[in-house]
Amino acid sequence: MVLPIFATVMANENTLQNIIAHCKEYGFIFQSSEIYDGLAAVYDYGQYGSELKKNIRDYWWKSMTQMHENIVGIDAAIFMHPTVWKASGHVDNFSDPMIDNKDSNKRYRVDHLIEGYVETLDKEKGDALLAQMDQLLAANDFAGLKTLIEDNKIKCAISGTVNWTDIRQFNLMFATEMGSVADDANLVYLRPETAQGIFVNFLNVQKTGRMKIPFGIAQTGKAFRNEIVARQFIFRMREFEQMEMQFFVRPGDQMKWYEYWKETRMKWHLSLGIPQERYRFHDHVKLAHYADAACDIEYDFPMGFKEVEGIHSRTDFDLKQHQQYSGKKLTYFDTELNQHYVPYVVETSIGLDRCFMMVLSQAYKEEDLSADGKEDSRVVLSLPAMLAPIKLAVLPLTKKDGLPEIARELIDQCKPYFKCFFEEKDSIGKRYRRQDAIGTPFCVTIDHQTKEDQTVTVRHRDSMTQERIPLASVRDMVMKAIQAF
Ligand code: ATP
């Protein structure tokens, strides 16, 4: 049945477009350098977006470093010694197979081109094609991939033709020069992942923190990739942020810890209030050069199931490489085994921006509230209270009679604990809708009755129900709702 599938795709595409428009209209995300017509695949977070992003980052950071006694955090520099990237394999291997259309000169990542085509097929045919693609990618069979593209008559979206070049590899790292003399010796890279900052500090942290295996090192920070096909909003950016954790284990224990982190990370995702059916695991057929097992956690985005997080069992590849290239020993002495060894590593790696897009896609709702012949609707972000940019909006019913003063007093009492918002303009209904659109879980209205009996009306975002509670209990009510752990 072609029609319903097409209809679903259209509806989802509209949802994505609506989310992008909403992000701009309400100060979540702007195109970078917009007044100069923007910079492709680079975005800025606005006043509410930066709060939401920080809240997601903080929640991840705490769940790693505060809730696990054996995980500590670091903040390594973006620039690293160029040999790091030789050792890690990025100089030689960090590339994607690309294909160009000869008529439009448009370049595509081969897997994206095929995946885009699969979206137009029914599920059975699409899955079969993806399985074929996975196998060819795993075998680095570029001629086979090209034949697959040609046999399926996959067209370029711009020229509409099937006139393709051969498939080639392109490195995704950005390079720049450090210092004043431009020669090869000064070439540095913008890091394409944060993980290497952890590997090169493995011994520093282990020794100074007296860490015992198994232990983890966590880090959040910017990463840069010269993505050829950068699309789908903040899903694939050229400058983005990662939240990574490397967990160092005894050789031989890695599969146990790999399973542990698969389960633990899925629990974290579910703790965002997102139901299980919106997630799935995707086990890798083609393993990266460093991995002995790997999977992705995929979320059902408006454009379908896509990776948000990777969990990789990286063996002792990275530490051994750095040992070899630096000439420094990177071994651990295990007192229980009375043995020196290079630890194995299980890594969890999630994109903060992609996680932001996931949280937003899940939270974004267009609701029809028409009743009794009166048309009405709202856009609401049903964000988990702990992640919402603003936790409490305090709204005096009128601008006079001392009501704004009571509102200000309440805000003064609450603002050391969480972010509040004061607004006295427009009708209460309009003010509620504006808070719904940015995901504020609680609105409190101060009215004349407040002056008499010290109570306020609390309006709940998702249910839109209202209740009267004592003014003195507002702060605790919000504190309870935003408690993460
Ligand atoms: P993809 O296959 O989508 O390119 P990847 O497998 O290369 O991703 P990893 O190298 O495993 O990604 O990076 C870990 C995480 O970093 C990803 O799960 C994703 O959330 C995030 N990430 C990677 N590349 C980008 C990007 N260009 N823009 C935004 N987030 C990204």
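This is a predicted model: local features need pLDDT of at least 70, side-chain atom pairs count only at pLDDT 80 or more; totals for chains, interfaces and linings use all residues.
**Exercise 1. Find the distance between a polar side-chain atom of Arg-225 and an oxygen atom of the ligand.**

*Solution.* Start with Arg-225: one of its polar side-chain atoms sits 2.9 Å from a ligand oxygen atom. Residues are numbered from 1 along each chain as its sequence is written, and side-chain values use heavy atoms, with hydrogens and water left out.

Next, Arg-236 places a polar side-chain atom 2.8 Å from an oxygen atom of the ligand. Then take Glu-307, where an N or O atom of the side chain is 2.6 Å from a ligand oxygen. Finally, look at the cover: the ligand taken alone exposes 590 Å², and the protein buries 86% of that (Shrake-Rupley method, 1.4 Å probe).

**Exercise 2. Work out which strand gives the most to the shell around the ligand.**

*Solution.* First, the shell: there are 16 residues around the ligand, and Glu-227, Arg-236, Met-237, Glu-307 and Val-308 come nearest. Here, being near takes a heavy atom within 4 Å.

Second, sort the shell by class: 4 nonpolar, 5 polar and 7 charged. Ala, Val, Leu, Ile, Met, Phe, Trp, Tyr, Cys and Pro count as nonpolar, Asp, Glu, Lys and Arg as charged, and the others, Gly among them, as polar.

Third, go through the strands (DSSP E runs of at least two residues; helices are H or I runs of at least four). Strand 10 (239-249), strand 13 (304-315) and strand 16 (344-351) each supply at least two shell residues. Strand 13 gives the most, with 5 residues.

**Exercise 3. Describe how the axes of helix 5 and helix 6 cross.**

*Solution.* Two packed helices are described by the angle between their axes and the distance between the axes. For helix 5 (residues 110-118) and helix 6 (residues 123-138), the axes come within 9 Å and cross at roughly 170°. That makes helix 5 roughly antiparallel to helix 6, a label for angles over 145 degrees.

Now list the contact (heavy atoms within 4.5 Å): helix 5 brings Asp-111, Ile-114, Glu-115, Tyr-117 and Val-118, while helix 6 brings Gly-126, Leu-129, Leu-130, Met-133 and Leu-137. By class, that's 7 nonpolar, 1 polar and 2 charged residues.

How values were computed
Axes are lines fitted to C-alpha atoms, for helices over the stretch in contact, and angles run from 0 to 180 degrees between N-to-C directions. Angles under 35 degrees count as roughly parallel, over 145 as roughly antiparallel, 65 to 115 as roughly perpendicular and the rest as oblique. A polar contact is a pair of N or O atoms within 3.5 Å; within protein, one must be able to donate a hydrogen and the other to accept it, and residues adjacent in sequence count only if both atoms are side-chain atoms.
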